[in-house]
Amino acid sequence: MVQNVHDGLEQVRRIPLAEVIPALYPGAYRSSERQGPGRVRWILPDGTKVNVLPLADGDLFRLMNRVEDHATVPHKGAINFVMAIQDTSFREAMQVLQALHPTIEPFRPDPRPTRVRPTLLRHPPRWDDPEREWMLIRDYLVGERRLPDTIVADGYRRGYVYAGTGLYQDYLVFPHRAAGPSSPVTGYSLRWAGTGTPSQERPVKWVASGSRLKEGWFTLGQSPETLIITESPIDALTLWASAIQEGVAHRVSIRSSSGAGGLTERLWQAFDAVVGAFDDDVAGHGYADWLRQHRSAGETLCLTPPEPYKDWNAAWQAGHRNFLSATRLWEREVARIQPEHQWER
């Protein structure tokens, strides 16, 4: 079904779950119970309920009555659905979807009506009260996530994060850009920062409608030397805080791929070295495998958080630091500077 994982990744992600679910689970059916606008509920043979919002760039889904082991896997797209529902890896999920051929053909035109296929980027509106907006950002990123307040304040001042309103009320919004802070916004990552859980069955983590995830990323730093790829903006902020404490922030740029959605070889163009800093779980291991397979030239290293922590921010909150020591960034700098300062005899 897919001759090349990279070339076909976007098409596979967009396979409608209305085709994946009955193909994987004969006997699954749509519930007649009304859901939110545009949403449908599937009932699997084991009783699992799956709420689905069809979108052109990958259906949003939520497992309603099932313990989710992969909380960090974005709830979007056919690949993530198979990973979550079958407790499997990125590579195995791709194989599962390939095995459905010809039941599913991802390369055929999308038959869904235009009204559920948004193409324009939906820009989340922000609060018009900067003081309240800052309080929400500070309470979550500094208070709950334990990130340094100076780093969070600097990110807020530079427009790297703001608080959404309207449909995005109580979500933190992280703009994606292809290049520097002056380049156009190509999408937004969203992270729930309110109390309790989101209403109307919205996910804790998602992206704004119309986000072009392969054209821009949440980015920190401006160095072309080493790119660090993370799964989420909060992981990026955590590793940025560590880079500052380790004295190597001037040597790195950090980009969030938003899970599988932003993985593309364009991510690392013009970077000398690449570090994949993914979660220590099934999804993270799959992203690391993808990176190793597709970066054929240049130095490539994959890191996982220190045990027993699955993600970088959890390890940070537990007091771990020096996450980038394995990258030898400081040693490289010493090797570069030392010949320039040799004492002449």
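1. Basis. The model is predicted, and local features need pLDDT of at least 70, side-chain atom pairs count only at pLDDT 80 or more, and totals for chains, interfaces and linings use all residues. Residues are numbered from 1 along each chain as its sequence is written, and side-chain values use heavy atoms, with hydrogens and water left out.

2. Main core. The largest nonpolar core has 42 residues. Such a core is a set of buried Ala, Val, Leu, Ile, Met, Phe, Trp, Tyr and Cys residues joined through side-chain atoms within 4.5 Å; buried means under 20% relative accessible area, exposed over 50%, and partly exposed in between (1.4 Å probe, protein chains only). Among the residues with the most contacts inside this core are Val 20, Ile 79 and Phe 90. Elements that give two or more residues to this core include helix H1 (5-13), helix H3 (77-86) and strand E3 (49-53). H3 gives the most, with 7 residues. Helices (H or I, at least four residues) and strands (E, at least two) are DSSP runs, numbered from the N terminus.

3. Not counting residues up to four places away in sequence, Ile 79 touches Leu 9, Val 12, Arg 13, Phe 90, Ala 93, Met 94 and Leu 97; contact means heavy atoms within 4.5 Å. Another core, of 38 residues, lies apart from the largest one, and Tyr 160 and Trp 316 are among its residues.

4. Strand E7. In E7 (residues 185-192), 8 of 8 residues are buried. E7 pairs in the antiparallel sense with strand E6 (residues 171-177) over 7 bridges, and with strand E8 (residues 205-207) over 3 bridges, also antiparallel. Two strands pair if DSSP finds at least two bridges between them. Tyr 188 in E7 stands opposite Pro 175, while Leu 190 has Trp 206 of E8 as its bridge partner.

5. Cavity lining. Eight names make up the lining of the largest cavity: Leu 141, Ile 151, Val 152, Gly 155, Tyr 160, Val 161, Phe 218 and Leu 237. On a 1 Å grid over the protein atoms alone, a cavity is a set of points where a 1.4 Å probe fits but cannot get out, and lining residues have an atom within 4 Å of a point. H6 gives the most to this lining, with 3 residues.

6. Asp 149. This residue is in helix H6 (residues 149-157) and is partly exposed, with a relative accessible area of 46%. Beyond its neighbours within four places in sequence, Asp 149 is in contact with Trp 134 and Val 142.

Technical notes: On a 1 Å grid over the protein atoms alone, a cavity is a set of points where a 1.4 Å probe fits but cannot get out, and a pocket is an open set with protein on both sides within 12 Å along at least five of seven lines; lining residues have an atom within 4 Å of a point.
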